[in-house]
Amino acid sequence: MLEILSHQYLKRFIRSHDIDWDHIYSFGRIISKCLQTNETYLINSEIFSTNIWQPALLISIFLFEENSTFVLSQDKINFLKNNYLGELKRLGLNFILENDQIIFSNHRVSFISLEKLLGDVNIFNARNHRIIFSGIENIKEDLKNYFRISFLKKNWFHNFEQASSKSQKIISTYNLLKKKFFLRKVLDSRSIFLDKEEINFLSNFFFENSSYSDQFLRVSNALSAGWACWVTLDDINFEWNFYLEPMDELSQIKHLLINNKFVFLSALREDNFFQKYLKKESLNIDLVMNFRSNFIENKILIYVPPRQMLPNNPMFTKNILDKSKKLIIFSKGLTLFLSDDVDLKLKFATELASIYGKRVLLENIPLFNNEILCASYTWWINNSYCIQSPEQIIIPLLPIPSIKEPINKLTISHNRNLSKDWFREFLLPEAIKKLERSISPLRKNAGKLIILDGRAHKRKWGRLILKSIQPSKQINYMLPYD
């Protein structure tokens, strides 16, 4: 009955709104069906990077006469409140909006961001609650950002009383550790990794002083839970900072996932990463569905020079700069240069700016069609929705996570101790996911993807990355060189 009723309401809504998505009715029926079952669905579609799918979902959860929660970013909450709620009221859906809650006579729908969800004890500890979770493609990064603890000098001396014995003990401990860590400093490295003895010392110290502040209690709980931790040295101020992060973020919300019913929405074309992510915690999805977006999907044209240098070659940087300059000469549209290597990105932008002047942008929104944008993968992923599809994307280095990052280094060490293939189980999936999200706009215009990392051809895992790009077509020649 819910499927029929939601279809009728959606049909009336679409009559007065121009919604350019052929699958909106099917999507609405799937949401209605899932709401009435005890199953967990994962729905993948690049349409979720837009807002045009929201009316179909809202109508279904509004008509479903049980309490439910819709998890989405605060920006999207504000958008649907300003654009859709009034229209849905005019359809005859009688509700009151109060503090991001849609209140009906028999039930209510809560709009909530992930940060507020994780901090809401009532929802976080709910059972058999229906939760619609959008933006699931970002879940790992979002959980990392939420749970990460940055314990700075000011956190040591919060509510500080100079005369108290506890305060004197904290001062003494802080200075003792500062001296110890700076004596261990290695040239060109700001990070210090702790041994078991040091971790045990800190664990006991924060446990004994957990009543001192909320931050002390958080650190104590994190250390007792076995979170990854490291120290970063501040050479300028001669101070040190303590960082903690869960090795497995999903384990922190496992009981939420086990005790409730979910509809997961991923803006990836096919989100195989989230399924594997859940399986690590012995969590399963009952049904996975993929919907095409509202554009005709074209094949991405991939070009990888057959004799391309490896990144460890001393001539690698000069080689990719020379080839990139030639590629730009023949480009009439937007050229995007992606690199997480800050030095390489800045060098590339500087060299091109000396030739093309203001056409070259460094992580700024382009205003004209023929500009050259240099950006990190993360910046591009976060801003690509408001930028035209590039004519070509040039990638000098595949986005393998840096093993210099403390959390990555500790995760690799942890996986190695468990005799796991840390490269293929940790680094490679992260690289494929980041690449997939970065190049998805090329499907709209059959754009070109140029990979100048020799490992794409010369390493088995590099060929695996190329194979993961779908739909695609590899080309063997591209002006002005082959």
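A crossing of two helices is left-handed if the near helix is turned anticlockwise from the far one by less than a right angle, and right-handed if clockwise. The model on display is predicted, so local features need pLDDT of at least 70 and side-chain atom pairs count only at pLDDT 80 or more, while totals for chains, interfaces and linings use all residues. Residues are numbered from 1 along each chain as its sequence is written, and side-chain values use heavy atoms, with hydrogens and water left out.

Select residues 316–329, helix H15, together with residues 342–356, helix H16; helices here are DSSP runs of H or I with at least four residues, and strands are runs of E with at least two, numbered from the N terminus. The two helices pack at about 45° with axes 11 Å apart, the axes being lines fitted to C-alpha atoms, for helices over the stretch in contact, and angles running from 0 to 180 degrees between N-to-C directions. H15 passes H16 in a right-handed crossing. Show side chains for the contact (heavy atoms within 4.5 Å), where H15 contributes residues including Ile320, Leu321 and Ile328, and H16 residues including Phe348, Leu352 and Tyr356.

Next, select the open sheet of seven strands, whose order is S15-S16-S14-S17-S18-S13-S19 with parallel pairing; two strands pair if DSSP finds at least two bridges between them. Its edge strands are S15 (360–362) and S19 (472–474), each pairing on one side only, and the twist averages 20° from one strand to the next.

Within this sheet, pick residues 392–395 (S17) and 448–451 (S18), which run parallel and are joined by four bridges.
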